[in-house]
Amino acid sequence: MSRRFVVEADGGSRGNPGPAGYGAVVRDAASGEVLAETAESIGKATNNVAEYQGLIAGLRAAHALDPDATVLVRMDSKLVVEQMSGRWKIKHPDMRPLAMTARDIFPAGAVRYEWMPRERNKHADRLANEAMDAAAKGRTWQPEQSRALDAEPSVRTGPEPTTAPVVGWGEQSGGTTFVLLRHGETALTREKRFSGSGSTGDDDPELAPAGVRQAEAAALALEKAPDGRRIDAVVASPLRRCRQTAQAVADRLGLDVRIEAGLRETDFAQWEGLTFGEVRERYPQDLTQWMSSAQAQPTGGGESFTAVARRAALARDKIIARYAGKTVLIVSHVTPIKSLLRLALGAPTEAMFRMELSPAALSVVTYYNDGNASVRLFNDTGHLRAAAADGAAGPYSGAPAWR
């Protein structure tokens, strides 16, 4: 059975004609997962030419993923949608060759077109503007530096709202809830050493004895959730400390652990295993840049905050699509959890440095179908204090505070 894609494309010109660029996104039609992004500045052109170029780029990206796929193209350009659907004639000579190029990418009948309002095409629009901004600075658009995905608080599953969305603390119903659990302590945690997603066994530490007790305390707390509010699924980072923490909860709840690579911790490259002070002593310039720019990487080509946020957001959208309307335990690390909370709040990247996330702490976010998100809890460690009061191996008798 052929795959089904949704291509969202846009283009713009600052002057019409003027400096122009396009952006396009390829999604999985079933889950809404972003499979590909593309953007480029095209020099001086009109809005319509830029929109057609975005269409072509999006179709080519989809074709590269699966040439046998069926595609729904969604654009806010009524002209392009109507012309490519065959309902309007293509009179302008600059448009005809572009339309022919677009038609030749997939076999006849494999692509259909649908108009959508501009406010629903923000991802492609932001990509196009990023490309034009880069060109204005004499650069080319780089996918790893894009922040277009940050404009998407969640996947929309279902019809668009017919009334203005509810925001803030207003009344909402339904939604998909993430219970975000940081893993328990490792040998590196108390020493506050950088511990990321290293590829060797030594860089993938297991839980320390204290971390095992913390994981069990979290499991006990989540097991005591009232009926109807229990965890429906458990999803974890592939790193060992998260898998161990997640398994402790899953065993209590009778669930399986699903692994999601996008939830892994940052690759800290040459900072792995070092304390903050050691990094400041050895790589002072790199550390200063990392703390002041979301695009800066740790020494040796590690991951920037932007890169981690992008893959965390993709993981979020995949999980929402798979478990829509459910409560999902997400077992991850400091940076991915902070990234999800920051995106839900619409906060700037600097907010990452103002969040304290303890080992085995619980945070909660609910994502609604209208695109809003609500942070309901942050860094709750009540279950750890209760377990310590009862003794490390003692029973936990209360429901978690977020319930």
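These legends describe close-up views of a predicted model. Residues are numbered from 1 along each chain as its sequence is written, and local features need pLDDT of at least 70, with side-chain atom pairs counted only at pLDDT 80 or more, while totals for chains, interfaces and linings use all residues. Side-chain values use heavy atoms, leaving out hydrogens and water.

**View 1. Helices H1 and H3 in contact.** The axes (lines fitted to C-alpha atoms over the stretch in contact) of H1, residues 47-65, and H3, residues 95-103, come within 9 Å and cross at roughly 15°. The two helices are therefore roughly parallel (an angle under 35 degrees) to each other. Contact, meaning heavy atoms within 4.5 Å, involves residues including Tyr 52 and Leu 59 of H1, and Leu 98 and Ala 102 of H3.

**View 2. The ring pair of Trp 290 and Phe 305.** Rings of Phe, Tyr and Trp (its six-membered ring) pair if their centres lie within 6.5 Å, with planes under 30 degrees apart counted as stacked, over 60 as edge-to-face and the rest as tilted. Here the centres are 5.1 Å apart and the planes lie at 35°, so the pair is tilted. Trp 290, at 7% relative accessibility, counts as buried (under 20%, whereas exposed is over 50% and partly exposed is in between, with a 1.4 Å probe and protein chains only), and Phe 305, at 10%, is buried as well.

**View 3. The ring pair of Phe 305 and Phe 353.** This pair is edge-to-face, with 5.5 Å centre to centre and 70° between the planes. Phe 305 lies in helix H9 and Phe 353 in the loop between helix H10 and strand S10, 48 residues apart. Phe 353 is partly exposed, at 36%.

Key:
Axes are lines fitted to C-alpha atoms, for helices over the stretch in contact, and angles run from 0 to 180 degrees between N-to-C directions. Helices (H or I, at least four residues) and strands (E, at least two) are DSSP runs, numbered from the N terminus. Angles under 35 degrees count as roughly parallel, over 145 as roughly antiparallel, 65 to 115 as roughly perpendicular and the rest as oblique.
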